[in-house]
Each structure stands twice: as C-alpha cells, then as structure tokens.
Amino acid sequence: MADDNINNLIEDVINASKLPAKARATNIKPTVASLSSLAYENGVLPSALDQLVDLVTTPNYLDQASLAAIVRNLYPAERVSPDVVLRVVSALGHGTLKASLSLQAALLKWLVMVYHVLSEPVVLAQVYSVLFNLLDTAAIRPQLAHLLALITRRRHVRPFRIQALLNLSRQTGNDPPLVGLLRVFKDYYPEIIVGEAVRGKASAFKHPDLLWRSRLDEIKDAHRQRAAEQRATGPQSGFRVNRPVNRAQRNKAVPLVLTSHATEDSVTLEEVEDVSSFVSKMDRLELPNQLVAVLADPLLQKLLILRPNPESYQRISNWLSAVFQEVMSGDADEATLWEVLEVAKEFVARTRTIPPLLLGFFSRFFEIWGGEGKRETVFDILGFVPFHNFEELHQYIFEPLEAAVQGFAPASQLGLLKMYTHLLRHWAAILQADDGVPEMASSTISELIEHVNTLALTVLQTTPSVITDSLILDFYEQAARLVTDGRLKRYIRIELPPSPLIYTFLFNNCLATVSRMCYILAVYKKGIETAVATRPRAPTGDGAHRIDSHTYDRSFVDLFNGYIMDMCNCFWRNRAFNDTDTNARACTMSAATISALATYALSVDRALPLNSYFSLSHSPVLCYQSIERVRDLEDDAMEHDEPIRVRHGGPVTQSSLTRLANAGGMRLSWQDYRIEVLKNLADSGFPGVAELLKNAMTVLKKSIDGRLSIQGTPIQMQHYDM
C-alpha cells in the first residue's frame, strides 16, 4: 500500500513539474512534503528512485526548495544501480540543461552517503576524469573532493592530475577540500608530492550526515526483513530446505528439517542449494531426524516422492496420529490443531494427495466440531479428496462437514461451493491422467453434480450477487470441460443444472453471467448430439460404459430441447414465453403470470409486445451492445464515403431498418443486423449467446461461418431424435 501511495505522489509531482507554478491547479508543495515523508518512512524502491532521479536531474518547473527536499529524502531501499549514478553525474557541470549548483552539491553529497550501497561502485571510477575536471567549480568542490577521495585508487593518480591539484590549491589559497584530496594522492606517491603542499588545514572527509546514514540502514534492514518474510510466506524454493526468517514465522507444531546422524559418505538435505546439487546427491541424501517435517518442506517432499519408502510414510502417519489423538482427547489445544492443518494444507496443495489418516481424522472430528476456526483451511484440504464413490464420501466426510458449518451460512455455503469446484477439477485431472476410466466415473461425477445442484440453488437464494453467480458458473464450467475432453466425453454423462438456476441466469442483469450460462448449454448440446448419434456397444467389462444413444432418455432430451427453444425464442425469434412450439416451456412461467406481464408491457409501450422484450435489440443486457454495433457499422460506412443522411435512433427492429433505408440511412437487413450483433458479442468476450444460437439453428451456423446468407430463410430448430 505504501509503495502504491508513493508511486501516486511521484506521478503527481512529475506532472506538476511540467507546468509553471501559475498554470497549476493546486499547490504542489504539500504533495512534495507527503512524498518526502513517505520516502523517509519507507525508503524508495528502484523504479521510484529512477523516476525521482530523472526528475531532479532534468530541467523542469519545480522550485529549488522542492527539488532539494526530494534529494534529501532519497533513501534507497535497495542497492543503487549504475544507471542512476550515471544520470546524477550527467547533471553536473555548467550549462542551461544542467541542475543548479546548489542542487549539484546536494546530489554529490547524496552519492557520498549512498556510496556503500552502490550495486557497482566501479561505475564512479569509470567517470573519474569527468568528476576531476569539475574541481574548479567552487560551489560543489567540497562534496566533489569527498567523492573523489572515496573512489581514488593508484591508477587514478597521474602526474598531470597531481600538477592540476597543486596549481588549483595554490590559486584557492590551499582550499581544505583540495588539500585533503592531495593527501589521498600522497598516500599513493609520497615521493612525488612534497610535504609543504599538504600542510595546513585540510578536510578530514567525515561522513556528511550520520543521522541520514543511520536512517538509511534502518530502512534497508526493514526492507530486507519484509522481502524475507514474503519469500517465507510465498512460494518456496523447491530445491532448498525451508528455513523461516524469524522465530515468529516458524510453525511450532511441525519440526524443521534437521539431520544429526549423517555419515561421511552421506549428504544432508541442509547441504542442498539448487536443483543440480539435489540431482547429483539424491542417492546419498540422508533422511532428517523427524520425517514429519515433510509437511512443511518442499525439498523433503520431492525426496520422498523420488525415493518412496513405506517405513518413512509410516513414521509420518504415526506422528500425525499422535497429534490428532491428543486433539480428540483434549490434551492438545485448538491452536495446535490449526497449526498442523495449515501445514497439512500446504502439503496437500503441493503433492495433490491427502494422507488417508487425515481423512479418517476428519470423519471423527466433524462429529464434534462446531464449525469454528479456520473453515477455509478444511475446505482447501478437502478439495483434494481422492477419486472415490461419492455416496461414501458424502456419508462419512461431506455430510458431517456441511452439518458442522451450517451455523455459519451463507458464508460457509460459498466456501463449500468453491470446495466442490476444486474437487471436481481435481477429479478431472485424475481421470485425464489415468490410462483407463473407472467404471464408477460417470456415476460418481453425476452424484457430485446433483449434490451441488441443490447447494447452488440454496446459495442463489441466500447470497444473491454477481460473485455468487460467478462461483456457481465456475462449477458448471468445470463440469462442461469433462464433456469437451477428447477421451472423457465418451464416458462421462451430462447432468443438467436445475431449471430454476438456468432461467434465473437467463434473465440475469449481468451480461457475463448470461453469456457463460449460454456457453455451458451450447457445450452440453454438442455432447448430447454426439451421444444420440452414437450406436450402443456391448460392454467389455474393463472400464466405464461408453456414452451412446441409450444414455439419455426421451424426457431428458425434451427437457434440454425446452431450454434451447426458450432461449432461441427470447433472443432470436421474438417469441419469448411461448409454449406452443415443440418442447417450449415458456421459461417455466404460468399462463396467468405471462398474461399479467403482457398487459403491463402494453401499458408501458403499446408498440412493443412482451414477447419482444428479451430480443437482441431490447434485452436489458444486450440492448447497449446491439445499438453500439449499429453505430460502429454507420461509422465504418461513412469512413468508406457511403452516403448516410440519417442515423438509426434505436432500438433496432425489422421495420425500423426498412424505414432507415428509405430515409437515406444505412442499408442493413434484419438478419445481417442480428448476425453482426452476435459476432460483436463474441469479439467482446461474450461468445455464449452466439455459440448457443449457432449450435441450435443449422441455418444460422452456416450464416455466421460465412457459408450461406440466411436472408429470407426460415428459422429451423434442430431437434434430437431418439
């Protein structure tokens, strides 16, 4: 947050520096003061330091006091790059494009104070000649001589420079900074520089600001600590033993990797530094004292995966069993339990496996747990439950879990929904990785989806929001991926979302939600069509049954066709809530409700009947995109010098397009208009509606693909025949 604040302040100051003071809308000095304060408190990161150095070394309209304040508070949080040093050096000297002499002195003082944190101090030695030739400028001589004294080495001491220093010293009456620099030269060549030349008062070149140096050290220590903490809490190096930065970060319940019984021929994990070291020493690596450290150490996890040992896993199980037994008996406090589960969560996430012992503990723990504590940790772990019969998992794991957390609904319900989405994704990965598909695969996936159907409807009522809609659709999109997988689609049966959920999303006020729901149904339609067209085969008994024409009965197909027909009636046919078409379900609305809505619609606008309110032109979530596409087409036409005297006022109808063409406007057929809208939706990241309509109507599919124009062609619904 502090970095964001300082970046925003820097941007404001840079923008203000481009305008004269009288042309600015606000006074910039408070912003400079805030920037200086933040830089003093937190330091300046390299990117911000680059911007500030550019600001103070290039001509601008900021006053000298503001620029000096910025230089005084340039506390680098990390090492200073050579580019920054060179930009400071380039600002030294005389000329209209150079910084003022007072600012040059401040910048040289800054270089002296940050000399010990330069990433490449040799860069100053490379510009030694440039710096030395500026010694005749009295205003910056003290700071410049100090910097030269820091970087001077034997190779820099040349006769011509000694002579130049002697001459300049005599001209200035033995200026102390010059005498001090001569003494540095004398240390390298005492036989050349005579003693009289370095007598008298001379600069000792003490640090110009010890308090500034102390504050810089504090900032660098704090930044180093924050970076270490981020490395400790973020992704760990997979080829180095995990060592927490401080004791506070260490998980007290799980021991660290410690090997105390190594031999001369063995190598400990603590000695591994990178992947090459790990590979070359893997056969000789000695296991640590306590193998349960594998829960928190990625390097030990890799070793046990590559060198599996039943005895090792038994030792880990024994430790976990002892901890869980203490928890169940009340001998261990709640904090210990959550510490172990937090570490177990990281272990499970990395290895994608749950120790059976942990599942056994959960089955007992959920019976006494009241849902308090870190529920998300439990949800994250159970998202990796191994592929197994869902009825058994529900009976022993998920049903007790849902009962335990029901007192914290609706937040716990959203957590459960995310857990089941992760679980379905995990199971999909398992099935894709296996050589064969288990016989129970389809039934297990179907039981999971049917269970989530009820949960989704519950969440939709208890927590209605765009976030909830998105979480629900995440689950069904994951289910749809099984149908699109080249191998799994032949074995996994499609389970439809419940009707209330489909129609709630159909009339949702979020275009992304509508598009995603339509896309899921479009994917399901392809899957059902493929299944219906597949001839049944005799089961071989070596795996799951293939999906074929016997998988989906007539009632299932008719129900799905009803969803498709209702959506086509709304979006394309201007026949919303119609129940006379084959399979049409009037969006599950009663005749009395439809009649009441129709009466109200006519009272609002007698020219627009209810069945047109959800078309591409009038739908609340599609009308803006529709008219915007018309505007774009009109703009394109005018760019190509096509005469357009009148623009369409919107919303677009078939008759309005005819009137528009007769009045001298753009000529666009009704069918072409709707296809343009669908293409525009797809190009804008909302392909669902177009995908659904394209797959529902053969003629429209050909039109969108550019193979056939549908102008004047009647719309035909594609049905599934058993």
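Here, "buried" means under 20% relative accessible area, "exposed" means over 50%, and "partly exposed" is anything in between, using a 1.4 Å probe and protein chains only. At 3% relative accessibility, cysteine 587 therefore counts as buried.

A quick word on provenance. This is a predicted model, where local features need pLDDT of at least 70, side-chain atom pairs count only at pLDDT 80 or more, and totals for chains, interfaces and linings use all residues. Residues are numbered from 1 along each chain as its sequence is written, and side-chain values use heavy atoms, with hydrogens and water left out.

Helices here are DSSP runs (H or I, at least four residues), numbered from the N terminus. Most residues other than glycine have a negative phi, and most peptide bonds are trans.

| Residue | Phi |
|---|---|
| Asparagine 583 | about 70° |
| Cysteine 587 | about 55° |

There is also a cis peptide bond, with omega about 5°, joining alanine 409 and proline 410. Proline 410 belongs to the loop between helix 19 (390-405) and helix 20 (411-433).

Next, threonine 152, which you'll find in the loop between helix 9 (141-151) and helix 10 (159-171). Its relative accessible area is 1%, so threonine 152 is buried. The threonine 152 side chain makes a polar contact (a pair of N or O atoms within 3.5 Å; within protein, one must be able to donate a hydrogen and the other to accept it, and residues adjacent in sequence count only if both atoms are side-chain atoms). The partner is the side chain of tyrosine 128, at 2.8 Å. A polar atom of the threonine 152 side chain is also 2.4 Å from the backbone oxygen of leucine 148.

Now for arginine 24, in the loop between helix 1 (2-17) and helix 2 (29-42). Arginine 24 is buried but has no salt bridge, a term that means a side-chain nitrogen of Lys or Arg within 4 Å of a carboxyl oxygen of Asp or Glu. What is the nearest side chain of opposite charge to arginine 24? That would be aspartate 63, 5.3 Å away. A polar atom of the arginine 24 side chain does lie 2.9 Å from the backbone oxygen of tyrosine 61.

Finally, arginine 546 is in the loop between helix 24 (511-532) and helix 25 (554-571). Its relative accessibility is 34%, so arginine 546 counts as partly exposed.

Notes:
Helices (H or I, at least four residues) and strands (E, at least two) are DSSP runs, numbered from the N terminus. Lys and Arg count as positive and Asp and Glu as negative; His and the chain ends are not counted.
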